[in-house]
Amino acid sequence: MTVATEQDLASIDISDHDLWRDDPPYEIFAKLREERPVHWSPLSQFPHEKGFWSIVRHADLKAISMDFETYSSERGGVVLVDDIGVPLDMIRMQPIAQDPPRHDRMKALFQQAFTPRRIAAHTEIIRAITNHAIDGIAQQGECDLVTDIGKHVTARVIGSLLGTPPEDDDQLVEWSNMIVGFEDEDYRPEFDAMMGELANAFEYVMPMVEERRKNPSDDLVSALAHAEVDGEKLTDEEMVMTFGLLMAAGNDSTRAVYGSSMLALIKNPEQRQLLIDEPDRIEDAVEECVRCFPAFSYMRRTATRDVELHGQTIKEGDKLALWYVSSNRDATVFEDPERFDVSRPRVQHQAFGAGGRHFCLGAALARLELKIMLEQTLKRLPDMELAGTPVRATSLFLNQHKSIPVKFTPESA
Ligand code: HEM
């Protein structure tokens, strides 16, 4: 799509899925950052829904993320579509969709469970899980990076942290896709079936919670069930919804970044070679991967009062999309921002949140997982090439491929 005039820019519908078919619409975001940093768009895929403001500059994302009094996560949740088939009251049981004071309590409870020690202690388990997934395809000479490696590793890692058995991974991935990938027909059940699936998820989680309340073990569900702030623990419904958040965040996010990063490395063989020759660089390269390919294209906020921003009047109740896929390519912050450069010095990207209290609780886990997944894939399957056309999920929210077919020299038995 060519955007020649100011009028073209003003009338663009950012939510048009055609613009997102191959990649996020980076050129349009670059123009918006220069010329129209607060931009109104309809939400055309969901015509009964109100439109939204796009926020595209790095500095604006930061300021808005810090100001929860004006820009609420709780009022409308974090996706642009108000009605995804799960009642808002349920969604608001998750810290990501809460403002203070509710959020303070929930975050404190989470932090008791999600400790850096627990994550670090998982390092060798993550390596073993990754190698197990690669073992499954290494002698075949071809695989799908998303469904054969990304999906299995991320599902098992979050499953082993939460304390669910491996045979349940597929079901949990399906529930997670259903919620986070609600815009994609392959992921989303019929609207009516959604509530039924949610009830099934409840029935799955609650006995596990009850069991861990009686007999705590070393997993995250036990830690969450027993965490306490001011004498209060998580309620049953909060337990189920936070389990859902961790499952969805743990599955869809890291899988998305892994797929996009491997694809970029395949397309940039000199950068891939650098990481193969000097694997110590992979930890920093992960930051560039997350900058270029944030798992979530945006998070939503909802205005709690009328406010002026760059000459536009945002009304109370209006939706705002904080576009990480744009802010992470802001030329006022990043040199040559469209270039994928694994040698880029450590960067202040916003992929895990642009500041303030909602900063991603799983960032340390995601970084560790991505480092190990890239390390092992590059080490064992160094000459991977594309074997077909990658397919992106149909989604404004999820910046993810559903399929990346690849081929490589098979490992000998
Ligand atoms: C590369 C992977 C990941 C990315 C890019 C990512 C990104 C984000 C973003 C953008 C936010 C919201 C920030 C905001 O609203 O201001 C967030 C919040 C959150 N993330 Fe992640 N995430 C990733 C992986 C994970 C993992 C693996 C987990 C846990 C298993 C996780 C758990 C959470 C939680 C619990 C929150 C809510 C925090 C709060 O509201 O206080 N994330 N993440």
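Helix α12 supplies the largest share of the shell around the ligand, 7 residues; helices (H or I, at least four residues) and strands (E, at least two) are DSSP runs numbered from the N terminus. The model is predicted, and local features need pLDDT of at least 70, side-chain atom pairs count only at pLDDT 80 or more, while totals for chains, interfaces and linings use all residues. Residues are numbered from 1 along each chain as its sequence is written.

Around the ligand there are 28 residues, of which Ala-249, Gly-353, His-358, Cys-360 and Gly-362 come nearest; a residue counts as near if its C-beta atom, placed from the backbone, lies within 6 Å of the molecule. The elements giving two or more residues to this shell are α12 and α16 (363-380).

An open sheet is formed by 3 strands in the order β4-β12-β9, with antiparallel pairing; two strands pair if DSSP finds at least two bridges between them. The edge strands, β4 (142-144) and β9 (385-386), each pair on one side only. Strands β9 and β12 (residues 405-407) are joined over 2 bridges, and Glu-385 has Lys-407 in β12 as its bridge partner.
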